[in-house]
Amino acid sequence: MTFSRFDHVCMARAFRLARKGMYTTDPNPRVGCVIADSENMISSGYHRAAGGPHAEITALEQAGSAARGSTAYVTLEPCSHQGRTAPCTEALLAAGISRVVIAGSDPNPEVNGKGLSRLADAGVKVEHGLMLQEAESLNPGFLMRMRAGRPWVRIKTAISMDGKTALQSGESKWISSDAARLDVQRWRARSSAILTGIGTVLADNPSMNARIDEDVLQPIRVIADSRWRTPPDSRILRGEADVVVAGSRDVPVPSELETTGAKCLSLPAKDGCIELPALLTALSDREINEVQVEAGSGLAGALLKAQLVDEILIYQAPVLLGSGGAGPFEFGPLESMAERTHLKVLETSHMGSDLRIRLQPETRH
C-alpha cells in the first residue's frame with residue numbers, strides 16, 4: 001500500500017499527539033488522531049485518560065462539519081464496542097469521514113479487525129500499516145497484554161564500568177548521575193507498575209513513585225515477598241498509588257500487613273519464591289500494561305532466566321567499584337558459552353556522564 005508524503009506528515013503528527021498521553025492513559029493505549037482534507041490539517045486530538053474522550057472524538061469535535069468527506073489518521077484501530085465510552089467507529093461514520101488511515105490494528109478481542117470492518121462495510125476507504133513500527137513501540141505493554149495475557153516487562157539497572165550495582169558493603173547511592181536518575185523517573189512515569197523484591201524493600205526502604213513535574217498516573221507498586229516480610233511502616237506502602245504484595249499462598253498473611261491497605265496477593269510458590277508467570281498473569285488481570293522492574297540481582301535474574309523480560313535499561317556510569325560487589329543479574333552458573341543470554345542493542349544514548357543502553361533479549365517470547 002502506497003502512502004503520500006502528506007499521509008506521513010499527518011500520521012507523524014498523530015504520534016506526537018499520542019505521546020502527550022504517555023503518563024496518563026493507563027490502562028488504555030496511547031492514541032493520537034489528525035483529521036485532514038486534501039493537503040490541509042483540519043483538527044487533531046489525543047487520548048488523555050481512561051474514561052475520557054478518545055483521540056478521534058476530540059478531533060471530530062474540533063473539526064465540526066469540516067470533517068465531512070475528510071480523512072482521519074489514527075495511530076491505533078478505532079474501537080467498535082461500547083466500553084467506558086461510545087464506539088469511535090460510529091462517531092467517524094456520523095461525522096461523514098470518507099477515509100481512515102491507521103498505523104496498527106488493535107489486538108483487543110473486542111476490537112481486533114472489527115473497527116476496520118465496520119468502517120469498510122459502511123463505505124469508508126480504510127488503509128492501514130502506515131508507521132506500523134511506531135505503533136508497536138508506542139504501546140508495547142497494551143499490545144503484549146492483549147496478545148500474550150501478560151504485561152511488558154522492563155528491567156532497569158545502574159552499573160559501574162566493571163559491572164557492579166553496589167559496593168561489597170551493599171552501598172549503592174549513587175552510582176548514576178542526576179541526569180540518569182531523572183530519566184529513570186520518566187520511565188517509571190510511563191509504567192503501569194513498579195516491581196521490586198523484598199530484599200530491596202528491607203535494604204533501601206524505597207518509595208518507588210514517579211517524581212516528575214508533569215501530570216502522571218502513579219504506577220502501582222508491587223513487591224515480590226514470598227514470606228510476607230514487608231514491614232507495615234515501609235515507605236513503599238504510602239502514597240497515592242495502590243500497592244500489591246505478592247506472597248506464597250502456603251504462608252499465612254500477617255494481620256498487620258493486611259491492615260495497611262495493601263492488596264495481599266497469594267500465589268503459588270516453588271523453592272521459596274513466588275512463581276513469576278503467575279504474578280505477571282495476575283498483574284495482567286489488573287490491566288497492568290508495562291512493568292518496570294527495579295530490584296536486586298535475584299529477582300532480575302529469575303525473570304531473565306524464565307524468559308519473561310522484554311526490555312533492559314542499563315545506566316552505565318564511568319566509575320569503578322572494585323571487587324566483591326553484586327552484579328545486576330543472578331543466575332547460573334552456566335555449563336557452557338552456548339547457554340549465555342544474547343541481547344540485541346536497541347539504542348544507546350548519553351544521560352549526563354552516564355551511558356544508557358536499551359537492550360532486548362533475543363530469546364524473548
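This dialogue works through several features of a predicted model, one at a time.

Student: What should I keep in mind about the model before reading any feature?

Tutor: The model is predicted, so local features need pLDDT of at least 70 and side-chain atom pairs count only at pLDDT 80 or more, while totals for chains, interfaces and linings use all residues. Residues are numbered from 1 along each chain as its sequence is written, and side-chain values use heavy atoms, with hydrogens and water left out.

Student: Which residues of helix α6 are buried?

Tutor: Helices (H or I, at least four residues) and strands (E, at least two) are DSSP runs, numbered from the N terminus, and buried means under 20% relative accessible area, exposed over 50%, and partly exposed in between, with a 1.4 Å probe and protein chains only. In α6, which covers residues 140–148, the buried residues are Pro-140, Gly-141, Phe-142, Leu-143, Met-144 and Arg-145. They pack (contact means heavy atoms within 4.5 Å) against β3 (71–76), α5 (132–138), β6 (152–159), α7 (178–190), α10 (276–285) and β13 (290–293). Just after α6, Gly-149 takes a positive phi of about 75°.

Student: How many disulfides are found in the whole structure?

Tutor: A disulfide is a covalent bond between the sulfur atoms of two cysteines; the search counts a pair of cysteine sulfur atoms within 2.5 Å, and over the whole structure it finds zero. For Cys-33, the closest cysteine sulfur is that of Cys-88, which at 8.6 Å is too far for a bond. Cys-273 is in no disulfide either, since the nearest cysteine sulfur, that of Cys-264, is 18 Å away.

Student: Where do Asp-178 and Arg-181 lie, and how are they separated?

Tutor: Both belong to helix α7, where being three residues apart separates them by about one helical turn.

Student: Which residues are linked in a network of salt bridges?

Tutor: The network links Arg-30, Arg-154, Asp-183, Arg-190, Glu-290, Glu-311, Glu-347, Arg-356 and Arg-358. Within it, Arg-356 forms a salt bridge with Glu-347, the closest N and O atoms being 3.0 Å apart; Arg-356 counts as buried at 8% relative accessibility, and Glu-347 as partly exposed at 31%.

Student: How much space lies in the second largest pocket, and which residues are closest to its centre?

Tutor: On a 1 Å grid over the protein atoms alone, a cavity is a set of points where a 1.4 Å probe fits but cannot get out, a pocket is an open set with protein on both sides within 12 Å along at least five of seven lines, and lining residues have an atom within 4 Å of a point. Grid points are joined across faces, edges and corners, and a volume is the space filled by probe spheres set on the points. The second largest pocket holds about 710 Å³ of space, and of the 24 residues that line it, Glu-136, Ser-137, Leu-138, Pro-140 and Arg-358 are the closest to its centre. Two or more lining residues come from each of α5, α6, β6, α7, β15 (343–351) and β16 (354–361), and α5 gives the most, with five.

Student: How many cavities of 30 Å³ or more are found, and what lines the largest cavity?

Tutor: The search of the whole structure finds two. The largest cavity holds about 60 Å³ of space, and its lining includes Met-22, Tyr-23, Asp-26, Arg-30, Arg-190 and Leu-217.

Key:
Salt bridge = Lys/Arg side-chain N within 4 Å of Asp/Glu carboxyl O.
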